[in-house]
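Good morning, and thank you for coming. I would ask you to look at the chain on the screen while I take you through it.

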Amino acid sequence: MSADDVRKLHSKFGIYDECGHKHTDEEYEREDSGVVDVEGVGLTCEEGLVQWVCHECDTVDGEPDEYTEYGEWPCRTLKELEKP
Ligand SMILES: [Zn+2]
Ligand SMILES: [Zn+2]
């Protein structure tokens with residue numbers, strides 16, 4: 001696997017909580033709105049962002065699990081990759 005493949009696989013994944021706003025579907029559909037639809041949370045935005053983790057290392061099938069909160073971004077694999 002090339003370094004680029006690894007970078008693609010280990011993508012940034014945001015853990016979100018409710019942001020407290022009332023976002024609409026129209027906002028969600030606007031690409032620059034920053035509004036995301038999070039399972040179990042609903043529509044939220046960057047203000048509800050708890051932390052960034054690695055999609056590959058810290059989630060299970062694209063969903064956060066109980067260990068996700070211990071994740072970090074960039075993840076260990078990527079840090080290893082950036083080492084000279
Ligand atoms: Zn918001
Ligand atoms: Zn990773």
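Pro-74 sits in the loop between strand E6 and helix H4; helices (H or I, at least four residues) and strands (E, at least two) are DSSP runs, numbered from the N terminus. The peptide bond that joins Trp-73 and Pro-74 is cis, with omega about -5°. Tyr-70 has its place in the loop between E6 (63–64) and H4 (76–82).

A word on the source: this is a predicted model, in which local features need pLDDT of at least 70 and side-chain atom pairs count only at pLDDT 80 or more, while totals for chains, interfaces and linings use all residues. Residues are numbered from 1 along each chain as its sequence is written, and chains are lettered from A and ligands numbered from 1 in the order in which they are written.

Is Tyr-70 buried or exposed? A residue is buried if 20 or more other C-beta atoms lie within 10 Å of its own, exposed if 12 or fewer, and partly exposed in between, with C-beta atoms placed from the backbone. Tyr-70 counts as exposed because it has 9 C-beta neighbours inside 10 Å. From Tyr-70 to Asp-37 the C-alpha distance is 22 Å, and the two are 33 residues apart in sequence.

Asp-61 belongs to the loop between strand E5 (59–60) and E6. Its phi is near 50°, a positive value in a residue other than glycine. Most residues other than glycine have a negative phi, and most peptide bonds are trans. Asp-61 has 5 C-beta neighbours inside 10 Å and therefore counts as exposed.

Which residues form the largest nonpolar core? It has five: Phe-13, Val-53, Cys-54, Cys-75 and Leu-78. By nonpolar core I mean a set of buried Ala, Val, Leu, Ile, Met, Phe, Trp, Tyr and Cys residues joined through C-beta atoms within 7 Å. Leaving aside neighbours within four places in sequence, Val-53 is in contact (C-beta atoms, placed from the backbone, within 7 Å) with several residues, among them Phe-13, Ile-15, Gly-71 and Trp-73.

Finally, the chain as a whole. It holds four helices and six strands, in the order α-β-α-β-β-β-α-β-β-α from the N terminus on. Of its 84 residues, 17% count as buried. The C-alpha trace spans about 45 × 25 × 20 Å along its principal axes. Thank you.

Technical notes: Contact = placed C-beta atoms within 7 Å.
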